[in-house]
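Good morning, colleagues. May I ask you to look at the model on the screen while I take you through its main features.

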Amino acid sequence: MSLAEYFARHGSEILAATTQHVWLTGITMLLAVAIGVPLGIVVARRPWLSKPILGSANVAETIPSLALFGFLLPLPWLGDRADRIAIAALTLYALLPIIRNTVAGIAGVDPAVRQAARGMGMTEGQILVRVELPLAFSTILAGIRVATVWTIGIATIAAAVGAGGLGEYIFRGLAMVNDQVILAGAIPAAALALVADVLLGLLERQLRPERG
Amino acid sequence: MTSSAPTRVSVEAPSEPLIEFRNVQYRATGGQILLNKFNLAVERGETMVLLGRSGAGKTTALKLINRLLEPSAGEVRVEGRTTLAWDAIALRRHIGYVIQETGLFPHYTVEQNVAVTPRLERWSAGRIRARVEELLALVGLDPHAFLQRYPHELSGGQRQRVGLARALAADPPILLMDEPFGALDPLTRMEVRQEFQMLEERLRKTVVIVTHDIGEAVELGTRIALLEAAELKGVYAAKEFLLSAEPVATAYLAQLRALEPGGRKS
C-alpha cells in the first residue's frame with residue numbers, strides 16, 4: 001500500500017485527528033495570548049517584574065514537554081481530562097515568545113511618540129490602546145506566530161497523554177514500526193505549521209505600523 | 001490685528017502671569033538637582049525663550065509647566081493655579097506641546113495626528129475635519145495633498161509643521177515648544193521659524209520655547225530667560241539681551257557675532 005493509498009483509505013480519520021490538532025492549538029493560542037499579552041504589558045510598565053515573569057516563562061520552556069505532561073497528570077481538575085493537560089502544558093510553552101515580543105514591541109515605541117502622547121493629555125490607558133499596542137502589534141504578532149508554530153509541533157506529543165491529535169499517528173507508527181502511519185501524522189502536522197506560519201506572516205506584514 | 005510687536009515695558013497691572021514658577025526646585029530620582037531656586041513669570045501673550053546649553057534645565061522647566069514633571073519644592077502656577085491642583089490630563093489638553101522629534105504617531109495619517117486632541121475632547125466629526133483643514137492651511141500645508149499621508153512620507157520641515165498644527169488643534173492658550181526647529185537643516189529651519197513667527201503674531205498665544213540657539217532666541221523671544229547649571233541667570237527683553245554683561249550672555253553673544261560679523265539688526 002502506497003502512502004497515497006493510506007491517506008485515501010484513512011482520510012476521514014486523519015481529518016478528525018487534524019481537526020483535533022487544530023482545536024488543541026487554537027484553544028492554546030487563545031489562552032496564551034489572553035495571558036501573555038497582558039503579562040507583557042505589565043512587564044513593559046514595571047521593568048522590575050521582568051526577571052520574575054520572564055524568568056518563570058523561561059523555566060517552563062526548559063522543561064521537556066513529555067515530562068511537563070507527566071507533571072500535570074496528578075493535578076486536580078487539570079489531570080481529569082487529557083486535553084486539559086495538553087492545553088495547560090502547551091499554553092505554558094507558548095507564553096514566552098508572546099510575553100517577550102509584547103515587551104519588546106512596547107519598548108520599541110519611539111520615546112518621543114510616547115512623550116508627545118502624554119504631553120497632549122492622553123491617559124495611560126489611551127496611550128496603551130491608541131499608541132503603544134498599535135505600534136507594537138506587528139512585533140506581538142511575530143511572537144504569536146512563533147508560538148503557534150511551536151505549539152503545532154509540540155501538540156503532537158500531547159497524544160502521549162491521550163489528548164489525541166496528529167501525534168496519535170506518530171506514536172502509533174513508532175510502536176508499529178510503520179513509516180506510513182508516522183507520516184500520516186507528521187505530514188499534516190508539518191503542513192499545518194507551514195500554513196499557520198505563512199498566514200500569520202502575511203498578516204504581520206499587512207499590519208506593520210509604517211505602511212508603504 | 002492692530003497691535004504690532006508687543007512692547008513688554010508696560011505690563012497690564014492687574015493681570016497675573018499666565019505661568020509662574022515660584023522658587024521651584026526639581027530633583028531627579030537619582031538625586032541630582034536639574035532645576036534650582038527657579039523663579040519666572042510668563043505674561044499672557046508673550047513668547048518666553050528658555051535659553052541655555054544642554055543640561056541647563058530648560059527642558060525640565062518646560063515639562064514642569066504641563067506636569068510631565070512635578071516640582072520637588074516650590075510651585076508652578078498655570079492660570080493662577082498650582083499645577084498639582086490641576087487635573088494633569090485637563091492641564092495638558094489645555095496646553096499645546098511641540099517637541100523636536102515631533103513625536104508624530106507613525107501609524108496615524110496627518111489628519112488623524114492633527115485630530116488627536118479634538119478627538120480626546122470628543123468634538124464632532126465635522127468640526128474636527130474643518131479644524132484640521134484650517135490648521136493645515138494655517139501652517140502652510142495644502143490639506144488635500146497632505147491629509148491622508150503618513151509621517152514617514154513627509155520631509156522634516158513638513159513633519160514639524162504638522163507637529164505644530166497638532167499642538168494648536170484644540171486652540172490652547174499656551175504653547176510649549178522644546179527645540180521645535182532643532183532637527184531641521186539650517187535653511188528649512190529658518191523658513192519654518194519665520195512662518196512660526198508670522199503665525200504667532202496672528203494667534204498671540206502665550207509661548208514658552210526651549211532653545212540653545214541664540215539667533216532663534218533673539219528672533220522669536222519677547223523675553224529671554226537665560227539658564228545655566230540648573231539656575232536662572234537672568235531674564236532679558238530680547239533686545240536688552242544683546243547688551244547684557246552677564247558672562248554667560250556675553251559668551252552667547254560672542255558666538256552670535258562670530259557667526260555674523262556684520263552685527264545684527266535689532
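In chain B, B:Ala225 stands opposite B:Val235 in β10(B). The model is predicted, so to speak of such local features we require a pLDDT of at least 70, and side-chain atom pairs count only at pLDDT 80 or more, while totals for chains, interfaces and linings use all residues. Residues are numbered from 1 along each chain as its sequence is written, and chains are lettered from A and ligands numbered from 1 in the order in which they are written.

Strands here are DSSP runs of E with at least two residues, helices are runs of H or I with at least four, and both are numbered from the N terminus. Two strands pair if DSSP finds at least two bridges between them.

Chain B also holds an open sheet of four strands, in the order β2-β1-β4-β5, with antiparallel pairing. At its edges stand β2 (33-42) and β5 (81-82) of chain B, each with a single partner strand, so one side of each is left without a neighbour in the sheet. Within this sheet, β1 (residues 19-27) of chain B is joined to β4 (residues 73-78) of chain B by five bridges. One residue pair to find on the screen is B:Gln25 with its bridge partner in β4(B), B:Ala73.

I turn to chain A. How many helices and strands does the secondary structure of chain A have? There are nine helices and zero strands. The C-alpha atoms of chain A fill a box of roughly 70 × 45 × 25 Å, taken along the principal axes.

Two packed helices are described by the angle between their axes and the distance between the axes. The axes of α2 (residues 11-45) and α5 (residues 82-107) of chain A come within 6 Å and cross at roughly 40 degrees. Their contact divides into 22 nonpolar, five polar and one charged residue. Here Ala, Val, Leu, Ile, Met, Phe, Trp, Tyr, Cys and Pro count as nonpolar, Asp, Glu, Lys and Arg as charged, and the others, Gly among them, as polar. For the axes, lines are fitted to C-alpha atoms over the stretch in contact, and angles run from 0 to 180 degrees between N-to-C directions.

The largest nonpolar core has 128 residues, and those with the most contacts inside it include A:Leu90 and B:Ala225. Such a core is a set of buried Ala, Val, Leu, Ile, Met, Phe, Trp, Tyr and Cys residues joined through C-beta atoms within 7 Å. The element that gives the most to this core is α5(A), with 14 residues.

By contrast, A:Pro76 lies in the loop between α4 (65-72) and α5 of chain A. Is A:Pro76 buried or exposed? A:Pro76 is exposed, with 6 other C-beta atoms within 10 Å.

Finally, the contact between the chains takes 18 residues from chain B and 17 residues from chain A, contact being C-beta atoms, placed from the backbone, within 7 Å. The chain B side divides into nine nonpolar, five polar and four charged residues.

Notes. Two residues are in contact if their C-beta atoms, placed from the backbone, lie within 7 Å. A residue is buried if 20 or more other C-beta atoms lie within 10 Å of its own, exposed if 12 or fewer, and partly exposed in between; C-beta atoms are placed from the backbone.
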